[in-house]
Amino acid sequence: MFGTTKAYSGFSVNDIEAARTFYGDTLGLRVSEEHGMLILHIAGDRDILVYPKQDHTPATYTILNFPVDDIEAAVEELSRRGVRFERYDHLKADDKGIFRGGGPLIAWFTDPAGNVLSVLQET
């Protein structure tokens with residue numbers, strides 16, 4: 001039934017303007033707005049809906065992963081843009097915030113609404 005439809009994902013934030021600035025300016029994504037909601041236009045011709053929710057609760061899992069060729073360079077550039085990388089007690093990261101404990105190299109950060117995102121480099 002849905003094999004030929006263009007599905008898309010979405011998530012909530014508590015401040016659309018802060019989200020627009022973060023996703024558009026800080027992360028450099030193309031962002032548009034319709035009906036008070038944002039649309040993130042990501043590579044691969046897939047859109048992601050970002051909608052306001054007054055009682056927003058941040059996702060406790062990674063909602064969006066950005067694969068990169070060079071995680072060191074990506075983390076450095078994001079840090080220059082003001083992104084702070086998360087540290088988790090059960091996943092020891094290096095001084096830059098990169099987890100190197102198996103699987104892809106990954107560094108987690110949050111958007112202004114507290115939703116978890118990552119950059120990752122597959123090994």
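A: UniProt, in an unreviewed entry, places the feature "domain: VOC" at residues 5–122; UniProt positions are given here in the numbering used for this model, feature names are shortened, and annotations may be inferred rather than shown by experiment. The end C-alpha atoms of residues 5–122 lie 29 Å apart, and the span is 18% helix and 35% strand. Helices (H or I, at least four residues) and strands (E, at least two) are DSSP runs, numbered from the N terminus. This is a predicted model, in which local features need pLDDT of at least 70 and side-chain atom pairs count only at pLDDT 80 or more, while totals for chains, interfaces and linings use all residues. Residues are numbered from 1 along each chain as its sequence is written, and side-chain values use heavy atoms, with hydrogens and water left out.

Q: How is a sheet read, and what is the order of the strands in the open sheet of four strands?

A: Strands of a sheet pair through backbone hydrogen bonds, either parallel or antiparallel. Two strands are taken to pair if DSSP finds at least two bridges between them. Here the order is β1-β4-β3-β2, with mixed pairing. β1 (9–13) and β2 (30–34) stand at the edges with a single partner strand each, so one side of each is left without a neighbour in the sheet. The twist averages 25° from one strand to the next; such angles run from 0 to 180 degrees between N-to-C directions, with axes as lines fitted to C-alpha atoms, for helices over the stretch in contact. β1 runs parallel to β4 (residues 46–52), and five bridges join them. The bridge partner of F11 in β4 is V50.

Q: Which strands stand at the edges of the open sheet of three strands?

A: That sheet has the order β5-β7-β6, again with mixed pairing. Its edges are β5 (62–67) and β6 (105–110), each with a single partner strand, so one side of each lacks a neighbour in the sheet. β5 pairs with β7 (residues 116–121) in the parallel sense over five bridges, and P67 has L120 as its bridge partner in β7.

Q: How is accessibility judged, and is H56 buried or exposed?

A: Buried means under 20% relative accessible area, exposed over 50%, and partly exposed in between (1.4 Å probe, protein chains only). H56, in the loop between β4 and β5, is buried at 12%. Leaving aside neighbours within four places in sequence, H56 is in contact (heavy atoms within 4.5 Å) with S12, V13, N14, A113 and N115. The side chain of H56 also reaches the backbone oxygen of A113 at 3.1 Å.

Q: What is a salt bridge, and how many does the structure hold?

A: A salt bridge is a side-chain nitrogen of Lys or Arg within 4 Å of a carboxyl oxygen of Asp or Glu. The structure holds nine. One of them joins R20 and E17 (3.5 Å, N to O); both lie in helix α1 (residues 16–26), three residues apart, about one turn of the helix. R20 is partly exposed at 25%, as is E17 at 48%.

Q: Where do E72 and K96 lie?

A: The side chains of E72 and K96 meet in a salt bridge (2.5 Å, N to O). This pair links distant parts of the chain, with E72 in helix α2 (residues 71–80) and K96 in the loop between α2 and β6, 24 residues apart. E72, E76, D94, K96 and R100 are linked in a network of salt bridges.

Terms used. A polar contact is a pair of N or O atoms within 3.5 Å; within protein, one must be able to donate a hydrogen and the other to accept it, and residues adjacent in sequence count only if both atoms are side-chain atoms.
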